[in-house]
Amino acid sequence: KVGVLAVDPTSPFTGGALLGDRIRMQSHHADPSVFIRSMATRGQLGGLAPATADLTLLLDAAGFSTVLIETVGVGQDEVDIARLADVTVVVLAPGFGDDVQALKAGVMEIADVYVLNKADQPGIDKLERELQFLMGLAHRPDGWQPPLVRCVASEGDGISAALAAVRNFRDSGLGSQRAVQNWIIRLQAMYRERVSVRLPSAEVAQAAEQVATRKVDPYTIVHDWLQRY
């Protein structure tokens, strides 16, 4: 069974979201072995929705062998997926500014696999050269060299090679190490959220005023909260 979580941006003006990712997956939405869930970011930055991590855990517990998460696709700051997924695939295409994006920090540094889609279009060679240049400058602590896979998704060309590249990273053992590191971050985040929920809003406002007026230092206040909550 395959679960697909497709995240769309929420409008900062209307609060609405298109949630149109599943339109491109109409051939699979009725498949009994495929579950597709659209999610809105609700203003959260980083390319994911607030509940994406929890829903991923739920699908795993429900017996889905593979969970695919499609992020918003916002660009440089879309890095939260690297703290959630065991394998991160960055999909690029020529002619959409990806040749410039490839030289920027951020999202280009989280890839375990690069998939170059629309490989039948002009500019694909230039995009691949710039990615190779970028990887020549970068150094990953785990020693992994992200492969570059060309494909034409609309025709199914290169999909098998892309899946094989994902499996190679997973089978290398680096995916398991990533999972442990990701859970360290997530457990700490879950702990912080639970603690912050217990803080009375009136007390937080009063403490903020005391800090702002230099009556109490913030470290003392936080230490007191940790002792009481």
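This is a predicted model: local features need pLDDT of at least 70, side-chain atom pairs count only at pLDDT 80 or more; totals for chains, interfaces and linings use all residues.

Residues are numbered from 1 along each chain as its sequence is written, and side-chain values use heavy atoms, without hydrogens and water.

**Confidence**
- The protein chain has a mean pLDDT (the predictor's confidence in each residue, from 0 to 100) of 86, and 93% of its residues reach 70 or more.

**Aromatic pairs**
- The whole structure holds two aromatic pairs; rings of Phe, Tyr and Trp (its six-membered ring) pair if their centres lie within 6.5 Å, and planes under 30 degrees apart count as stacked, over 60 as edge-to-face and the rest as tilted.
- The ring centres of F35 and F64 are 6.3 Å apart with planes at 55°, so this pair is tilted.
- F35 is partly exposed at 36% relative accessibility, whereas F64 is buried at 14%; buried means under 20% relative accessible area, exposed over 50% and partly exposed in between (1.4 Å probe, protein chains only).
- The rings of W144 and F169 have centres 5.1 Å apart and planes at 75°, so they form an edge-to-face pair.
- Both W144 and F169 are buried.

**Charge over a ring**
- The charged end of R186 sits over the ring of W183, 4.1 Å from the ring centre; this requires NZ of Lys or CZ of Arg within 6 Å of the centre and within 35 degrees of the ring normal.
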